[in-house]
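Dear colleague,

I am passing on the structure below, and I would be glad if you kept it open while reading the notes that follow it.

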Amino acid sequence: DLIWIGTSTTITSYNPRTESFSNYFLPNLQGWIHDFEEDENGLLWLATGYGLFSFDKKVNRATYHSTGDSSWDNIHSILKDKNENIFWLSAETGIRKFNKKTGISNTYRLPAPAFSDISREITHNLIGDRFGYLWMGSTEHGVYRLNLQTEKWDNYHINTPDASSSKNLAT
């Protein structure tokens, strides 16, 4: 299996068996690459700062795929579903279910107050478990769990020290 590394304009693969690197330059890709998933056809799907792209290594071309109602979406994580046509995406507006075959996406918005200040809340890593839940970390409001059967959310707050009460260690 290849190990993938992404920057703002380049994708690099590392083959541990041959200990070799391959670079792919993507001048038409915008935004940092946050996450990858490879599908059964060898297409590499990219979660980026400007949305969802698929990358065809054979022709060195990235294609944009609209997943929402805005001109761009900062997607942080991508998770392949058991149904190989479905990807789950974490974005600043919530979680998206994207069907790569039909191009249709559904948004699962987090309950308030998570997105009361969208400029501060960013959703991060997605993990699916064997019980039919999708887990997602967030910047400000802990961990969320989405039941994929009922489409209901649970929120688990994480107790962290208050940054404003920390002493300033600068001299």
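**Aromatic groups and surface**

Trp4, Tyr24, Phe36 and Phe55 together make one aromatic cluster, where rings of Phe, Tyr and Trp (its six-membered ring) are paired if their centres lie within 6.5 Å, and planes under 30 degrees apart are called stacked, over 60 edge-to-face and the rest tilted. Please note that this is a predicted model, in which local features need pLDDT of at least 70 and side-chain atom pairs count only at pLDDT 80 or more, while totals for chains, interfaces and linings use all residues. Residues are numbered from 1 along each chain as its sequence is written, and side-chain values use heavy atoms, with hydrogens and water left out.

Searching the whole structure gives ten aromatic pairs. In one of them, the ring centres of Trp45 and Phe98 are 6.1 Å apart and the planes stand at 55 degrees, so this pair is tilted. Because Trp45 belongs to strand 5 (residues 44-48) and Phe98 to strand 10 (residues 94-99), the pair ties together parts 53 residues apart in sequence; strands (E, at least two residues) and helices (H or I, at least four) are DSSP runs, numbered from the N terminus. Both Trp45 and Phe98 are buried, that is, under 20% relative accessible area, with exposed meaning over 50% and partly exposed in between (1.4 Å probe, protein chains only).

Ile5, in strand 1 (residues 3-6), counts as partly exposed because its relative accessibility is 42%.

For the protein chain as a whole, there are zero helices and 15 strands, and buried residues make up 38% of its 171 residues.

With kind regards
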